[in-house]
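Here is a short report on a predicted model. Read it with the structure open.

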Amino acid sequence: MKNRQLYLSMLVVGLSLGTAWAIRGQFGHEHGASWAGAIGCLSVLLVAKRTDWYTKLFSATMAGALGWGIGGIMSYGIVVGYGRASDFINVYYGLMMLFVIGGLYGFIGGGLFGLSLASNAKNPVKWVNLIVEMVIGGVMFYFFIIMEFEWFMTPPRSELWAACLGMAAALTWFMVRHKQYSALRLAAFSGLGAGFGFAFGNFLQVLGGVSGIKFNFWNVMEYSIGFFGGLGMAYGTFTSSWEVSESEPKKSSQLFPLLMLVLIIPFVVWQQSFDTKRIYETLININVPDGSNLFAITEWSGLVLILIMSVVWLYKYYFGRANTVNYSYQDLATFFIGQLALYTIFSLIITGAFISTYRIEQYLYILNLIAIIALMKQTQPIFSDRPIQERKWLINTMGVCIIIAVLAFIAMQSHGELKGSHKRFGEEVIEETSK
């Protein structure tokens, strides 16, 4: 029964972050990852059913959202292309580097979320110190790895993965130094899940592409990142020990994280994605007549929805409340469903799927949402305290690397030269760099 509840809780979080990350594929970058990360963190709080965490509903979710969003600065388009090569060295390199990139997404996102859960009146997290240390770590790693040593992962694209690696290193040292071992465990499993999910997702994308099936297999890869990242984040949370938070934060402390989640992040997603040119090309491609009112409706409907929902959320969770913070499970469930539903609607709008069925994967998001709602009330995870075992972690990580090697071997055997493939090593690369 105990394991069944753990696996069910992990499944709900995996479905939630997987769906949100697949939706993020329409928006990309830091803002899209932040909204998806927020939904993943909300799902953990939802299935945990810990009343002492309800007061951290917005602060913990914002911390996790910003953590997952930081990874959005990393470029991985060419790395995905390495995984589409036809030789083992390049394919394995590509999948392993996706493991690193996905791992950084999950580690930073899970780490900041975990620290927020662990923070309490007796042992508060020194956020200012942490931010300064992470910035310094990011700058130092980027300077030495990229500018001095020139250890490039994905030339000629951005190498900001090194900055993320530096931030992850600083975050790790902060958690070890302050004995935040539960947060460290959450970060490690979140990173392991997202890293494997990225590599496995690219493997699925390659096999799906050569199968001839007409489907958006790039979106399958994105779903895989979120699904396995969510599994890891949930497992790390429910197999760690967390002190009961008895402090009741002031109402005023809820306003900024609430504004970030309901207004600022969604507005940036809209502003960066709903541009006139993109909407025009999308609607023209699905045979919407030039000059139709649908162009303006599509462009501005997202902003209208953000403003309406912001008013609703701000009244329900802030202005309509007394001076104390006292949220319930139903409050959390309503906010979670509302955020995931709005993100889904954004995806349907930006792709034109609300008037055309050419993007069939869009409707799978709705099915996922229905499944999540059906399953979430059945969860009642039992927390356990499993210690950090460095040797076991090392063995498990090596095991994942071996599994990825097997995936690379299978992938390279499944095809010849593919469109969009790239090579990091080989004669072509040497010739290109010598010109």
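## Helix H13

H13 is mostly covered, with 18 of its 23 residues buried. The helix runs over residues 329-351. Its 23 residues should span 33 Å at 1.5 Å a residue, and the end C-alpha atoms are 33 Å apart, so the two values agree.

What follows H13? The next residue is Gly352, with a positive phi near 75°.

## Helix H9

H9 takes in residues 217-238, 22 residues in total. From its first C-alpha to its last it reaches 31 Å. That is close to the 32 Å expected at 1.5 Å a residue. Because 17 of its 22 residues are buried, H9 is largely enclosed by the rest of the structure.

## The nonpolar core

The largest nonpolar core has 135 residues. Phe113, Phe335 and Phe346 are the residues with the most contacts inside this core. Which helix gives the most to it? H5 does, with 17 residues.

Take Phe113 as an example. Neighbours within four places in sequence are set aside here. Phe113 is then in contact with Cys41, Val44, Leu45, Ala60, Gly64, Leu186 and Met233.

## The largest pocket

The largest pocket has a volume of about 750 Å³. H3 supplies the largest share, six residues. In total, 28 residues line the pocket. By class, 16 of them are nonpolar, eleven are polar and one is charged.

Which residues lie nearest the pocket centre? They are Ser59, Met62, Ala63, Ser116 and Trp127. Ser116 sits in helix H5. Its relative accessible area is 6%, under the 20% limit, so Ser116 counts as buried. Beyond neighbours within four places in sequence, Ser116 is in contact with Lys56, Ser59, Ala60, Ala63 and Trp127.

## Cavities

Rolling a probe the size of a water molecule over the atoms shows where empty space is left. How many cavities of 30 Å³ or more does the structure hold? There are two.

The second largest cavity holds about 30 Å³ of space. Its lining is made up of Lys251, Gln254, Tyr317, Arg321, Ala322, Thr324, Val325 and Tyr327. By class, that lining has four nonpolar, two polar and two charged residues.

## Ala187 in helix H8

Ala187 lies in helix H8, which covers residues 181-211. Is Ala187 buried or exposed? At 0% relative accessibility, Ala187 counts as buried.

Neighbours within four places in sequence are again left out of the contact list. The contacts of Ala187 are then Gly106, Phe107, Gly110, Gly111 and Met175. Ser356 is 169 residues away from Ala187 in sequence. In space, the two are 40 Å apart, C-alpha to C-alpha.

## Backbone in the loops

Start with the cis bond. The peptide bond from Pro155 to Pro156 is cis, with omega near 5°. Pro156 is found in the loop between H6 and helix H7 (161-177).

Next come two residues with positive phi. Lys179 has a phi of about 55°, although it is not a glycine. Lys179 lies in the loop between H7 and H8. Its relative accessibility is 61%, over the 50% limit, so Lys179 counts as exposed. Asn287 is not a glycine either, and its phi is positive, about 65°. Asn287 belongs to the loop between helix H11 (276-285) and helix H12 (294-319). With a relative accessible area of 69%, Asn287 is exposed.

Notes
Residues are numbered from 1 along each chain as its sequence is written. This is a predicted model: local features need pLDDT of at least 70, side-chain atom pairs count only at pLDDT 80 or more; totals for chains, interfaces and linings use all residues. Side-chain values use heavy atoms; hydrogens and water are left out. On a 1 Å grid over the protein atoms alone, a cavity is a set of points where a 1.4 Å probe fits but cannot get out, and a pocket is an open set with protein on both sides within 12 Å along at least five of seven lines; lining residues have an atom within 4 Å of a point. Grid points are joined across faces, edges and corners, and a volume is the space filled by probe spheres set on the points. Helices (H or I, at least four residues) and strands (E, at least two) are DSSP runs, numbered from the N terminus. Ala, Val, Leu, Ile, Met, Phe, Trp, Tyr, Cys and Pro count as nonpolar, Asp, Glu, Lys and Arg as charged, and the others, Gly among them, as polar. The expected span of a helix is 1.5 Å times one less than its number of residues. Buried means under 20% relative accessible area, exposed over 50%, partly exposed in between (1.4 Å probe, protein chains only). Contact means heavy atoms within 4.5 Å. A nonpolar core is a set of buried Ala, Val, Leu, Ile, Met, Phe, Trp, Tyr and Cys residues joined through side-chain atoms within 4.5 Å.
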